[in-house]
Amino acid sequence: MINRLLIRTRVLQTAYAHFHREEQKLTSAEAELKVSLTRTYDLYLFLLRLIPELTERYDAILEVRRTKHLASPEERNPNKRLVNNRLAQKIDECAPIELWYNSFPLAWSEEDILLRQLINQIEGSELYKGYLEREDSFANDRTFWVEVFNSIIAPHPLLAEYLESQSVYWDDELSQTEKAEFEEHPGWEELDTAFAEARSGQLYSSTKLSMGAVEIVKDFVAKTLKRIDEELSMEEVLLPAYRDADDEVYAQHLMRQLLLGHKKHVELIEQHISDGWDKERLADMDMILMQMAIVEFLHFPSIPTHVSINEYVELSKIYSTPKSASFVNGVLDAVAKALKSEGKILKQ
């Protein structure tokens, strides 16, 4: 599940934090990267586990309604189609998810307000109404949860707030911080003060990144729900943490070479920045992105240079400034040509 895009994103975020600390230790950065990738997979499992949790909570709500003093005929005989949803049951009975969930420090059952808001929105939706009218089948059970996850659960603002409050690895504020720093270049204390004043005056807002790590995980959850089949075990559908061992090694190697070669990479980049560009105004994010690409140029022979350039140009569009993409593309293209002419990289 943790693909190269997620790895690059997590390395970028970890390196950005590392370079802005007074004490910079390679071992600490590597440990933080490992935690961030582990938490990324935890989020995948955690969001899958939310579906059976919602059906269990809905069953409890129906029971409360049924037993109240002035219950209506409909409340006394509720439609339990959703409670008996077979896709939710399949996830609930998945041994690897259950084993992981029992040892995880967070539990959906403790988030009463969030669960109730999600259930209220689901129950009042046209999706739910249509679900009750359709044929009772596993395919319709699956379609219902895929549509509910995509249109109600994934974009729900309360879910975003909850995830942000529970883990720094489940949040994507990096782009707003970097753009503010690039535009004004204040010190960190000035930056914090400016944001605090903007928030207190209700003049601050942030937009979740469409391709941030959390959104990528949500997309994997949706894809997993679509793949769940009545004839397959949940274990066959569940995505592993890494597609193969190479991706895990790639993450470790990218991080280590990025930090070990930092000064050398910066010098190489500065040699290929045009004279008309103010190096002092170079965005920190752009510098890290270009260094990561150079690491791939030099240390990953199986990744073509044009692929590395394209990947980091796309990341610059997400995490850096509006002008960054063309700048990053131009510098990396020049660096790649220079390294090839010097015989330091022999790949395409």
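User: In this predicted model, which residues does Asp-247 touch, not counting those up to four places away in sequence?

Analyst: Asp-247 touches Ile-2, Arg-4, Ile-7 and Tyr-242. Asp-247 itself has its place in helix α14, residues 245–260.

User: Why is Asp-247 called buried?

Analyst: Buried means under 20% relative accessible area. Asp-247 has a relative accessible area of 1%, so Asp-247 is buried.

User: What makes Ile-269 count as buried?

Analyst: The relative accessibility of Ile-269 is 0%. The cut-off is under 20%, therefore Ile-269 counts as buried. Ile-269 lies in helix α15, which covers residues 262–271.

User: Which residues is Ile-269 in contact with, leaving aside its neighbours within four places in sequence?

Analyst: They are Met-287, Met-290, Gln-291, Ile-294 and Val-331. As for Val-328, Ile-269 and that residue are 59 residues apart in sequence and 10.0 Å apart in space, C-alpha to C-alpha.

User: How are two packed helices described?

Analyst: They are described by the angle between their axes and the distance between the axes. For helix α1 (residues 4–19) and helix α12 (residues 213–227), the axes come within 10 Å and cross at roughly 160 degrees.

User: Why is α1 called roughly antiparallel to α12?

Analyst: Angles over 145 degrees count as roughly antiparallel. The axes cross at roughly 160 degrees, so α1 is roughly antiparallel to α12. The crossing of these helices, α1 and α12, is left-handed.

User: Which residues of α1 and α12 meet?

Analyst: From α1 there are Leu-5, Leu-6, Thr-9 and Arg-10, and from α12 there are Ala-213, Ile-216 and Phe-220. By kind, the residues of this contact divide into five nonpolar, one polar and one charged.

User: What makes α2 roughly perpendicular to α6?

Analyst: The axes of α2 and helix α6 (residues 112–123) come within 10 Å and cross at roughly 80 degrees. Angles from 65 to 115 degrees count as roughly perpendicular, so that is the relation of α2 to α6. Among the contact residues are Leu-50, Glu-53 and Arg-57 of α2, with Asp-112, Leu-115 and Arg-116 of α6. The residues of the contact of α2 with α6 divide into eight nonpolar, no polar and six charged.

User: Which members of the largest nonpolar core touch the most other members?

Analyst: Of its 111 residues, those are Tyr-44, Trp-145, Leu-225 and Phe-297. Helix α2 (residues 26–67) gives the largest share of this core, 16 residues.

User: What is Tyr-44 in contact with, leaving aside its neighbours within four places in sequence?

Analyst: Tyr-44 is in contact with Met-1, Val-217, Phe-220, Val-221, Thr-224, Leu-238 and Leu-239.

Note on methods
Residues numbered from 1 in each chain as written. Predicted model: local features only at pLDDT ≥ 70, side-chain atom pairs only at ≥ 80, totals over all residues. Heavy atoms only, no water. Core = buried A, V, L, I, M, F, W, Y, C linked by side-chain atoms within 4.5 Å. Buried < 20%, exposed > 50% of the residue type's maximum accessible area, 1.4 Å probe, protein only. Helix = DSSP H or I, 4+ residues; strand = E, 2+ residues; numbered from the N terminus. Contact = heavy atoms within 4.5 Å. Axes fitted to C-alpha atoms, helices over the stretch in contact; angles between N-to-C directions. Parallel < 35°, antiparallel > 145°, perpendicular 65-115°, else oblique. Left-handed = near helix turned anticlockwise from the far one by under 90°. Nonpolar A, V, L, I, M, F, W, Y, C, P; charged D, E, K, R; others polar.
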